[in-house]
Amino acid sequence: MTDSTDYNGLGFRCGIEIHQQLDTDTKLFCDCPTQPGEQPDAAVKRELRPVPSEMGEVDRAAQFEYLKEKSFTYNVFRDV
Amino acid sequence: MYSDQVQGLLDDAGVAVGDTVRVTTDTGEYEGRLMPRSEQGDTDVLVLKLGNGYNIGVRYDDSVEIELVAEHEAAENAHVEVPEQDPSKPDIAVLHTGGTIASKVSYEKGGVIPAFDPDELFQFYPELFEEADIESEVLGQIHSGDMEPGHWQAFAEAVAEHRDKDGVIIGHGTDTMQYTAAALSFMLENIDIPVVLVGAQRSSDRPSSDSAMNLLSAMEFIKEGVPGVYVCMHTGTSDTQAAVHRGTRVRKMHTSRRDAFRSIDTSPVAVVDYPSGEVEFLQEVDGSVDGEFSLRTELNTDVGMIKSRPGIDVDALDAVAGKDGVVLEGTGLGHFPVNSFDDYTEHHTEVLDVIGEMAEDGVAVMTSQCINGRVNMNVYEYGVKIQDRGVLSAENMLTEVAYVKLMWVLGQTDSQVAAEELFQENVAGEIVEREAYDGFN
């Protein structure tokens with residue numbers, strides 16, 4: 001029986017993604033403020049579609065998300 | 001393309017773009033698929049797609065070794081089943097001229113090419129095939145800012161060949177889509193099917209691309225069976241509605257927004273709800289045409305275009321004088337600086353003379369920089385002076401449309417008088433007879 005701490009034997013894989021919020025006045029690639037306001041001024045609705053990659057295949061995870069038929073609403077804040 | 005030096009290294013190792021390779025450098029060993037190098041990048045840097053999907057660049061120098069791991073096998077297309085042709089479904093031809101409606105990497109060509117076989121198009125837009133029988137054709141892969149009038153003629157001929165279909169969708173770059181739309185409107189006289197140009201302000205290799213909605217909305221409009229040439233793009237920046245604009249009344253009004261295209265002096269012909277596909281007509285249209293179809297592609301491209309501006313000098317006007325046709329884009333109601341009354345304006349009498357010669361030697365027409373609204377050279381005396389020299393009013397034709405129309409009109413007849421008459425006729429809805437109070441956005 002495989003030792004449950006034998007990670008290699010289990011073929012265990014784990015990824016860690018670390019996000020660090022920058023304490024800046026504006027976002028990195030545009031002049032928008034970093035803090036949202038209380039009430040959005042407008043909303044934009046978007047549909048996302050999986051597209052074949054350079055290799056000609058659609059990413060499985062993207063396809064799975066697409067089949068959930070979600071749409072995405074982005075809140076727009078004019079200024080803060 | 002890789003540099004000659006790098007290509008030599010690859011040739012020696014028996015390695016080609018698309019092959020899986022192992023590259024050994026001072027910093028380590030990298031295994032991946034050798035990708036094409038774009039012209040804009042550093043051609044001494046090898047691009048490898050690693051197994052995890054990331055692309056890396058490895059700069060070639062003497063210390064780099066490369067060996068073949070496995071040759072590229074032509075990829076099997078993901079197993080797709082294009083729905084069978086069904087006579088009850090409308091027949092639609094999808095023609096590609098440029099922009100990125102659907103694209104894929106070609107190892108052979110070393111770059112991105114249109115993915116336009118029915119199998120490939122189906123992968124991108126399965127809904128298209130569920131509701132229509134699609135025939136697809138690649139007419140070109142042209143950045144529309146590079147298009148020339150000869151391309152318009154070729155596109156018109158291609159559309160004419162598909163007249164037996166229920167409709168034609170043309171994928172086109174957004175930069176000059178309005179010019180092509182106007183050209184097709186004139187060249188396809190009495191076209192009896194809908195011809196809809198679509199584009200994308202966001203590349204189709206992004207999940208958020210606007211291309212799908214524009215394409216599918218165009219298909220829904222085609223099902224209504226209203227003949228003519230149109231442009232179909234987003235109404236707003238949400239993916240909820242597309243607008244179908246008359247091809248001679250539409251202009252790209254923003255560099256990047258999805259709703260960049262606007263009808264000028266009028267409403268769009270229709271709007272299409274997404275994803276329901278419901279079409280609502282904003283104008284009264286009928287399915288009838290005024291006569292037999294005629295393919296009239298003749299053009300006279302000896303036409304100039306010049307914008308008035310404070311500081312314009314006679315040299316600038318001379319550059320377009322002597323041509324068979326000139327579009328003058330005037331200020332306000334259609335004015336050029338022709339009044340001379342002080343030291344600064346001495347040359348204005350000469351400006352008027354040059355304009356007068358243009359109208360004698362060829363057909364000179366006046367549009368407005370205001371974009372919206374009608375030209376009227378009867379209101380101010382400096383407009384009257386210009387009109388008295390023989391410059392024609394282009395009414396509320398868009399400058400770009402007047403330019404295309406003038407090329408077309410001068411191609412249809414050798415007679416200046418006949419050309420002037422034809423220019424002033426409302427051939428394809430390019431003149432808005434009655435501007436609605438809410439036609440200004």
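Axes are lines fitted to C-alpha atoms, for helices over the stretch in contact, and angles run from 0 to 180 degrees between N-to-C directions. Helices (H or I, at least four residues) and strands (E, at least two) are DSSP runs, numbered from the N terminus. This is a predicted model, in which local features need pLDDT of at least 70 and side-chain atom pairs count only at pLDDT 80 or more. Residues are numbered from 1 along each chain as its sequence is written.

In chain B, helix H5 (residues 177-187) packs against helix H10 (residues 399-412) at an angle of about 40°, and their axes lie 9 Å apart. H5(B) is therefore oblique to H10(B), a term for angles that are not under 35 degrees (roughly parallel), over 145 (roughly antiparallel) or 65 to 115 (roughly perpendicular).

| Helix | Residues in the contact |
|---|---|
| H5(B) | B:Gln178, B:Tyr179, B:Ala182, B:Ala183, B:Phe186, B:Met187 |
| H10(B) | B:Glu400, B:Val401, B:Tyr403, B:Val404, B:Lys405, B:Trp408 |

The residues of this contact of H5(B) with H10(B) comprise 9 nonpolar, 1 polar and 2 charged; Ala, Val, Leu, Ile, Met, Phe, Trp, Tyr, Cys and Pro count as nonpolar, Asp, Glu, Lys and Arg as charged, and the others, Gly among them, as polar.

Chain B as a whole contains 11 helices and 23 strands. Its C-alpha atoms fill a box of roughly 80 × 60 × 40 Å along the principal axes. Of the 441 residues in chain B, 51% are buried (under 20% relative accessible area, 1.4 Å probe, protein chains only). Among contacts in chain B between residues at least 6 apart in sequence, 67% join residues at least 24 apart.

Key. Chains lettered and ligands numbered in written order. Heavy atoms only, no water. Contact = heavy atoms within 4.5 Å. Buried < 20%, exposed > 50% of the residue type's maximum accessible area, 1.4 Å probe, protein only.
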